Amino acid sequence: MSKVQREAQGEVTVKRSRFYAVLLPIQDQAALDRWLAERRKALKKACHHCWAARWIEGDGKLVEQAQNDGEVGRPGLRLLNLLQQHDLQGALVVSRIFGGVKLGPGGVGRAFRQAGLAALDARG
């Protein structure tokens, strides 16, 4: 498993909703929580900040977590699947600013996945 070395960002717009994705190098839940708190302050219009993270603890145990933040379509799991598919250690966070058009569970899940892929592509 390779570690995310630097932050990378991607953005997708689907039916006026904007999805801002960030791939992060993190080593534990505390680092992710601090980053999410700052993200919530920076993107006050965002309804949801869905995320997935993978890291290795000091005892060598792999930790994998995902959070949907109240969003439909299980976007946290879709983001975790992206990290698993790319065999990455780090976090992938996607924040949504609602554009007034409901996408449905399938559309929301696809949009979060697209945004996550945009961030993964941006890492170079």
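Rings of Phe, Tyr and Trp (its six-membered ring) pair if their centres lie within 6.5 Å; planes under 30 degrees apart count as stacked, over 60 as edge-to-face and the rest as tilted. This is a predicted model, where local features need pLDDT of at least 70, side-chain atom pairs count only at pLDDT 80 or more, and totals for chains, interfaces and linings use all residues. Residues are numbered from 1 along each chain as its sequence is written, and side-chain values use heavy atoms, with hydrogens and water left out.

**View A. The aromatic pair.** The structure holds one such pair. Phe19 sits in strand S3 (residues 17–24) and Phe112 in helix H3 (residues 104–122), so the pair ties together parts that are 93 residues apart in sequence. Both Phe19 and Phe112 are buried (under 20% relative accessible area; exposed is over 50%, partly exposed in between, with a 1.4 Å probe and protein chains only).

**View B. A patch of negative charge.** On the surface, Asp28, Asp33, Glu57 and Asp59 gather in a negative patch. Patch residues have over 30% relative accessible area and no salt bridge, with like charges joined within 9 Å and nonpolar side chains (Val, Leu, Ile, Met, Phe, Trp, Tyr) within 5 Å. A salt bridge is a side-chain nitrogen of Lys or Arg within 4 Å of a carboxyl oxygen of Asp or Glu. Glu57 belongs to the loop between strand S4 (48–56) and strand S5 (62–67).

View C. Ile56 is part of strand S4, and counts as partly exposed because its relative accessibility is 35%.

Conventions
Areas by Shrake-Rupley, 256 points an atom, 1.4 Å probe, with all protein chains shown as cover. Lys, Arg positive; Asp, Glu negative; His and termini not counted. Charge placed at Lys NZ, Arg CZ, Asp CG, Glu CD. Helix = DSSP H or I, 4+ residues; strand = E, 2+ residues; numbered from the N terminus.
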